Amino acid sequence: MKYLLSIYERYQGEFAGLAILGVAVMLGILTKFLLFKLLNLFNRRENPVTVKSLTRHLNGPLSFFMPLLFVSIALPLLPYSPTLLRSLRRLTEILDIIAFAWILVKLTDVARDLVRHKYAIEKPDNMRERKLITQLQFLRKITVVTIIFLATSLILLSFEPVRKLGTGLLTSAGVAGIVIGFAAQTSIANLLAGLQIAFTQPIRLDDVLVVEKEFGRVEEITLTYVVLKLWDNRRLILPLNYFIQNPFQNWTRTGSDILATVYLYTDYTVAIEPLRKEFDRVLAHTDLWDKRVSVLQVTDSKERTLELRALMSAANSSIAWDLRCHVREKLVEFIQRSNPTALPKTRSEFVGDKLPPLAELS
């Protein structure tokens, strides 16, 4: 017992300091808990989306920041040497910067959730929403990069050797900027292309594109590249400046509605009017058609066949594909059933009594 008392008397200051730090950490945890409780009580009924988003995104950073804040307040009370206190103060300052930057980054996630809730992108006519979310998503990425850059700079500048080094480097900043500009010109071009895309909007999130002979939907726009989800679930990744320098098709640039076409090739003996009536009947009995456009015309007369084009409208490209397949199947089935002689055939005329060899017939 005397031995334990002697140890306590020898390290009494250290134990007291640890006790103060422990109390500060507990107060920080309790304050964070009460803060979230009050937030839930005040906003659960009026704005549950905000509370849910704040709780999900800020739980981690505030669990780190609040105890750290109370530790910073309690530092002058610690019975330690000035040298140790100075080191602890430097450490807490660095951790405060990291925690505050973490909170700011998570607040951008909260803002994104609120915008996505108010401007739902899942509804059919979502052009305005996709335009806004595309711009905000790109601005959020730039904001996050800026926050991380500033936090790192503040941490580095808190060290005296780094500050002196930074003062010396300012004199050669012009040369360094030129060198970095040449080395990173591709990255800078992509960043500028991203800014142009975000505000001029040649593409947006969820746009349907045909790029490099591939059909897909814009799934993600980052600071340097675009991810297209193709029709078979493959991903096509292209740099941002590709969409500034190369032509591509955007099927949802001004609207998601689209005209779908089906081409049929038949014999000259086909009865056009019954086929047109069947086409109208097929469209009337499917929900894939949006009831705007329905036309069946003979668009060309070739050497052996007639070219018939069925033109119909659909709400978007995905529905249009299903509608084309459906109409094509039904029209071919109708021709097979009602007028099989109208299917494409090859004609030959023989003059005289002698038939040509089989090789010529083939």
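Student: How far apart do the end C-alpha atoms of residues 90-108 lie, and what percentage of the span is helix?

Tutor: The model is a predicted one. In it, the end C-alpha atoms of residues 90-108 are 28 Å apart, and the span is 100% helix and 0% strand. For residues 57-78 the corresponding distance is 33 Å, with 82% helix and 0% strand.

Student: In what order do the five strands of the open sheet lie?

Tutor: In general, strands of a sheet pair through backbone hydrogen bonds, either parallel or antiparallel. Here the order is 4-3-2-1-5, and the pairing is antiparallel. Strand 4 (235-239) and strand 5 (249-250) each have a single partner strand, so one side of each lacks a neighbour in the sheet.

Student: How many bridges join strand 2 to strand 3?

Tutor: Five bridges join these antiparallel strands. As one example, I221 has V226 of strand 3 as its bridge partner.

Student: Which residues are closest to the centre of the largest pocket?

Tutor: Rolling a probe the size of a water molecule over the atoms shows where empty space is left. The largest pocket holds about 520 Å³ of space. Of its 24 lining residues, V208, F215, R217, S317 and S318 are the closest to the centre. Strand 2 (214-221), strand 3 (225-230), strand 6 (258-266) and helix 11 (317-338) each give two or more residues to the lining.

Student: How do the lining residues divide into nonpolar, polar and charged?

Tutor: The lining of the largest pocket has 13 nonpolar, five polar and six charged residues.

Notes
Residues numbered from 1 in each chain as written. Predicted model: local features only at pLDDT ≥ 70, side-chain atom pairs only at ≥ 80, totals over all residues. Heavy atoms only, no water. 1 Å grid on protein atoms, 1.4 Å probe; cavity = no way out; pocket = protein on both sides within 12 Å on 5 of 7 lines; lining within 4 Å. Points joined across faces, edges and corners; volume = space filled by probe spheres on them. Helix = DSSP H or I, 4+ residues; strand = E, 2+ residues; numbered from the N terminus. Nonpolar A, V, L, I, M, F, W, Y, C, P; charged D, E, K, R; others polar. Pairing = 2+ DSSP bridges.
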